[in-house]
Amino acid sequence: MSQQKLEIFNVLDFLNKGNELEKVFSEGQFGTFPSAEDCINYLVDEGYLEGEFKVTQTSNTEIMTAEEVSKKYKVSELKDILRENGLKVSGKKQELVERVLPVLNGENVSKDTGSLDDFDKSNDLKLTDKAREFLAENDWIDLYMFSLVAFRFEDYEIYQANSSLDNIETALNFCDEILSRALMRNQFLVFIDALSAKAHVYAYAQDYESFMDYDLQRFILGLNPIVMDAETYATYDVINEANVTNLKNVVEVLEMGNLKKRFDRIWTKSHIKSTTVPKKICYKILQKAIDGADIEELNFDVKEKYFNKKYGI
């Protein structure tokens with residue numbers, strides 16, 4: 001029920017914020033619900049939505065002949081279409097054409113896989129009092145979606161239910177507990193995920209000073225891992241693009257004071273015991289990233305110069 005509770009909240013919150021129901025159908029994935037229509041029908045049946053709702057499938061696809069398909073598509077393109085639809089890709093071109101024809105003419109397209117334009121949607125649905133009560137009682141889910149999606153919803157749901165604090169303090173404590181456990185277990189990736197989550201909790205609370213501090217610490221420790229093994233390093237991005245985007249946006253939009261002074265303060269606060277990228281170089285890399293340097297190239301260069309030798313890879 002936990003996962004379904006999350007899905008129900010997201011759809012109701014989406015509609016409550018003034019979005020059109022049609023946009024729900026463009027999402028495509030509904031977890032415990034087979035389709036968007038099943039999700040909406042459930043919400044109507046359970047009394048979260050009231051009014052008329054009807055979805056019928058239409059087809060705007062022009063019927064193509066085998067000759068037209070043969071002229072329009074190369075063999076490689078036909079095989080790609082067949083492969084995407086889980087169909088056999090071997091055989092001569094004419095065989096491929098005959099096999100792909102039903103797909104292109106929409107005969108194998110179900111209601112669950114059709115695009116938004118494949119549906120004729122008529123509805124006059126509104127949120128009920130039950131829906132608004134549900135949203136109010138579970139407003140913490142909005143904070144979870146904004147800040148904590150790196151962690152299991154079920155775990156946070158239990159944690160939140162056992163907390164007597166407000167939503168922000170509960171989320172901050174949750175992050176702190178994960179940070180402590182990650183340090184004890186040498187789970188570095190979990191540790192920096194929790195740092196990023198904590199930064200976003202502060203952003204949700206509109207405390208952008210704290211947001212900047214924790215996201216900056218995430219950047220610094222990303223270049224100076226507390227611990228790193230070969231398996232983790234194999235897919236590790238030293239510089240996280242989302243982290244850089246966050247820092248860049250805050251620097252550009254808000255007057256946060258001298259970035260170098262803030263960087264020095266957070267470096268000291270981070271208590272780095274084993275330096276991988278020296279402090280001055282780390283700051284130069286930060287400036288390059290914020291100024292728009294290619295993150296993939298920066299990652300490659302930093303790994304080549306500072307990481308590969310240290311971690312023996």
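Hello everyone, let's start with a pair of helices: α10 (residues 167–184) and α11 (residues 188–204) pack at an angle of about 165 degrees, and their axes are 9 Å apart. Helices here are DSSP runs of H or I with at least four residues, strands are runs of E with at least two, and both are numbered from the N terminus. Axes are lines fitted to C-alpha atoms, for helices over the stretch in contact, and angles run from 0 to 180 degrees between N-to-C directions.

Before going on, a word about what we are looking at: this is a predicted model, where local features need pLDDT of at least 70 and side-chain atom pairs count only at pLDDT 80 or more, while totals for chains, interfaces and linings use all residues. Residues are numbered from 1 along each chain as its sequence is written, and side-chain values use heavy atoms, with hydrogens and water left out.

Back to our pair. At about 165 degrees, α10 is roughly antiparallel to α11; angles under 35 degrees count as roughly parallel, over 145 as roughly antiparallel, 65 to 115 as roughly perpendicular, and the rest as oblique. Among the residues that make the contact are Leu172, Cys175 and Leu179 of α10, and Phe191, Leu195 and Tyr202 of α11. Contact means heavy atoms within 4.5 Å. What kinds of residues are in the contact of α10 with α11? They divide into 16 nonpolar, no polar and 2 charged.

Now a second pair, helix α1 (residues 2–16) and helix α7 (residues 129–137). Their axes are 10 Å apart, at an angle of about 110 degrees, which makes α1 roughly perpendicular to α7. From α1, the contact includes Ile8, Phe9 and Leu12, and from α7 it includes Phe134 and Leu135. This contact of α1 with α7 has 6 nonpolar residues, 1 polar and 3 charged.

Let's step back to the whole chain. Its secondary structure comes to 17 helices and 2 strands. Of its 313 residues, 42% count as buried, where buried means under 20% relative accessible area, exposed over 50%, and partly exposed in between, with a 1.4 Å probe and protein chains only. Among contacts with a separation of 6 or more, 66% are between residues 24 or more positions apart.

Tyr144 sits in helix α8 (residues 140–147) and is buried, because its relative accessible area is 5%. Leaving aside neighbours within four places in sequence, Tyr144 touches residues including Leu6, Phe151 and Tyr156.

Gln160 is in helix α9 (residues 153–161). Is Gln160 buried or exposed? At 17% relative accessibility, Gln160 counts as buried. Its side chain makes a polar contact with the side chain of Trp140 at 3.5 Å. A polar contact is a pair of N or O atoms within 3.5 Å; within protein, one must be able to donate a hydrogen and the other to accept it, and residues adjacent in sequence count only if both atoms are side-chain atoms.

Asn299 counts as buried because its relative accessibility is 9%. A polar atom of the Asn299 side chain lies 2.7 Å from the backbone nitrogen of Ile239. Beyond neighbours within four places in sequence, Asn299 is in contact with Asp237, Val238 and Ile239.

Conventions:
Ala, Val, Leu, Ile, Met, Phe, Trp, Tyr, Cys and Pro count as nonpolar, Asp, Glu, Lys and Arg as charged, and the others, Gly among them, as polar.
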